[in-house]
Amino acid sequence: MTRVVHYVNQFFAGLGGEEKAGLTPARADGPLGPGQPLQALLGEAARIVATVYCGDNHFGENEAAATEAILALVAAERPGLFIAGPAFDAGRYGIACGGLARAVSARLGIPAIAAMAATNPAAEAARREVPVVATGSSAREMGPALERMAAVARKLLCGEPLGPSVAEGLLPRGGRRNVWVDRPAAARALDLLVAKLAGTPFETEIPLPAFDAVPRPPGLPDLRRARVALVTTAGLVPRGNPDRLTSYLSSRYGRYDLTGIDDLSGTAFESVHGGFFTAHVNEDPDRMVPVDALRQLEREGALGALHEAFYSTVGNGTPPETAKRLGQEIAGQLKEGGVEGVILTSS
Amino acid sequence: MAKEIERAGIPTVHVTNLASVARSTGANRIFTGRAIPHVFGDPALPPDEERRLRRRLVEDALAMLTADAGAERA
């Protein structure tokens, strides 16, 4: 019977939502929240002896210190397995799950698994280092996620090697294992080409990496003559959200005039982002889109000009392809407006 | 988004408290803000101090725009 430690965030530990996202690392006996059905699925082979939890903001803002504290809590339980998540699409929670699974595995030498959606911002960094169970995007898919996590956990517990990622329900781990195939590469390549030309479905044998490197534009030669624009993914919009930007899965952006505005006020603007605690930004939107400071620098001559409008979308569950399109559209507008530099703020 | 704006030739500083995510997407200029809910502010400070903090952070972010790239600042 193997001892297991489970990691969840403040919400799944049952302590609260965004207002508790600053909680420091702590532990509780036995399983909490989704750990309870997970324990039932694990059966007699394993026992979740403790749940370690932490606020998502605290982890994100203090990754190194929080990791140390959590590693100590985990080590004290002497577990044979560590399970983090499922984080679904929650970026901060995914960062914690992926980071902690990696740290427990690499530094404590304890087998670790994490679980999150393929679109989670943390998935790319975690998937090659530890087994990451691929889940759906939201907690509506908790049941299947826990089943797959338990299945992978059971294999690790009895020392069974994990098969190909697709078969195990894991995010691709980037490993390569030699296998025999029945047809030579030239024939398989021609099959792919014929399918591509005919428009029939095909599956690449080697998926190309999702994120390409962009050649870096040189720095601005002189800020005093530069036109700088503000862009934000924190969902800052005029009060009332006239363009009806959605709080999640945003597919559009807004362009909001700054002419004659020296300071953003909470009476005129608000954040409609559904994934972070917006009260501070709603009280003073300059905390996220710093118009007041840039205007001051503009007046003093330290900055050439603050661009006449800012661009805003909600970065919450946005798939990379959509973010790419939004970036391209905004970039086009910025170029037309003669913008030379951008400060892009995210929550 | 920051990468697409840079791809169009406009240097862009990404201000975020989730630098690990920005890094894994390959962003070129990453500036760590004050905190997730208020990257350019701190409601725990008195208003004057907060405005001074914001100005310093903004100046530091702008400095990254003038530097040739590959920078990250905590």
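I took helices (H or I, at least four residues) and strands (E, at least two) as DSSP runs, numbered from the N terminus. By that assignment I placed Y93(A) in helix 4 of chain A.

**Conventions.** I worked on a predicted model, in which local features need pLDDT of at least 70 and side-chain atom pairs count only at pLDDT 80 or more, while totals for chains, interfaces and linings use all residues. Residues are numbered from 1 along each chain as its sequence is written, and chains are lettered from A and ligands numbered from 1 in the order in which they are written.

**Entry 1: Y93(A).** I called a residue buried if 20 or more other C-beta atoms lie within 10 Å of its own, exposed if 12 or fewer, and partly exposed in between, with C-beta atoms placed from the backbone. Y93(A) is buried, because 28 other C-beta atoms lie within 10 Å. For contacts I required the C-beta atoms of two residues, placed from the backbone, to lie within 7 Å. Leaving out residues up to four places away in sequence, I found Y93(A) touching N9(A), D56(A) and A87(A). I also noted a separation of 9.8 Å between the C-alpha atoms of Y93(A) and F11(A), which are 82 residues apart along the chain.

**Entry 2: chain A overall.** I counted 11 helices and 13 strands in chain A. Of its 347 residues, 45% are buried. Taking contacts in chain A between residues at least 6 apart in sequence, I found that 72% join residues at least 24 apart.

Entry 3: I treated two strands as paired if DSSP finds at least two bridges between them. Chain A has an open sheet of six strands in the order 2-3-1-4-5-6, with mixed pairing. Strand 2 (26-29) and strand 6 (132-135) of chain A each have a single partner strand, so they stand at the edges and one side of each is left without a neighbour in the sheet. For directions I used axes as lines fitted to C-alpha atoms, for helices over the stretch in contact, with angles running from 0 to 180 degrees between N-to-C directions. Direction ignored, neighbouring strands of this sheet are turned by 25° against each other on average. Strand 1 and strand 3 of chain A run parallel and are joined by eight bridges; V5(A) stands opposite A50(A) in strand 3.

Helix 1 of chain A packs on the sheet, touching strand 1 and strand 3, and its direction makes about 160° with that of strand 3. Helix 4 of chain A lies across strand 1, strand 3, strand 4 (81-84), strand 5 (112-117) and strand 6, running at about 160° to strand 5.

**Entry 4: helix 1 of chain A.** I listed G35(A), L38(A) and L42(A) as the buried residues of helix 1 (residues 35-42). They cover an arc of only 55° around the axis (taken from the directions from the helix axis to the C-beta atoms), which puts them on the same side of helix 1 of chain A. These buried residues pack against strand 1 (2-9), strand 3 (46-54) and helix 6 (142-157) of chain A. After helix 1 comes G43(A), whose phi is positive, near 70°.

**Entry 5: strand 13 of chain A.** I found five of the five residues of strand 13 buried, so the strand is largely enclosed by the rest of the structure. Strand 7 (residues 227-232) of chain A runs parallel to strand 13 of chain A, with five bridges between them; A229(A) stands opposite V342(A). Strand 13 of chain A also runs parallel to strand 1 (residues 12-16) of chain B, through four bridges. In that pairing I343(A) has V13(B) as its bridge partner, and T345(A) stands opposite V15(B).

**Entry 6: the side facing chain B.** I found 53 residues of chain A in contact with 44 residues of chain B. Helix 11 of chain A gives the most to the side of chain A that touches chain B, with nine residues.

Helix 10 of chain A and helix 3 (residues 47-66) of chain B pack at about 70°, their axes 9 Å apart. That angle makes the two helices roughly perpendicular (65 to 115 degrees; under 35 counts as roughly parallel, over 145 as roughly antiparallel and the rest as oblique). D292(A), A293(A), L294(A) and Q296(A) in helix 10 of chain A meet R51(B), R54(B), R55(B) and V58(B) in helix 3 of chain B.
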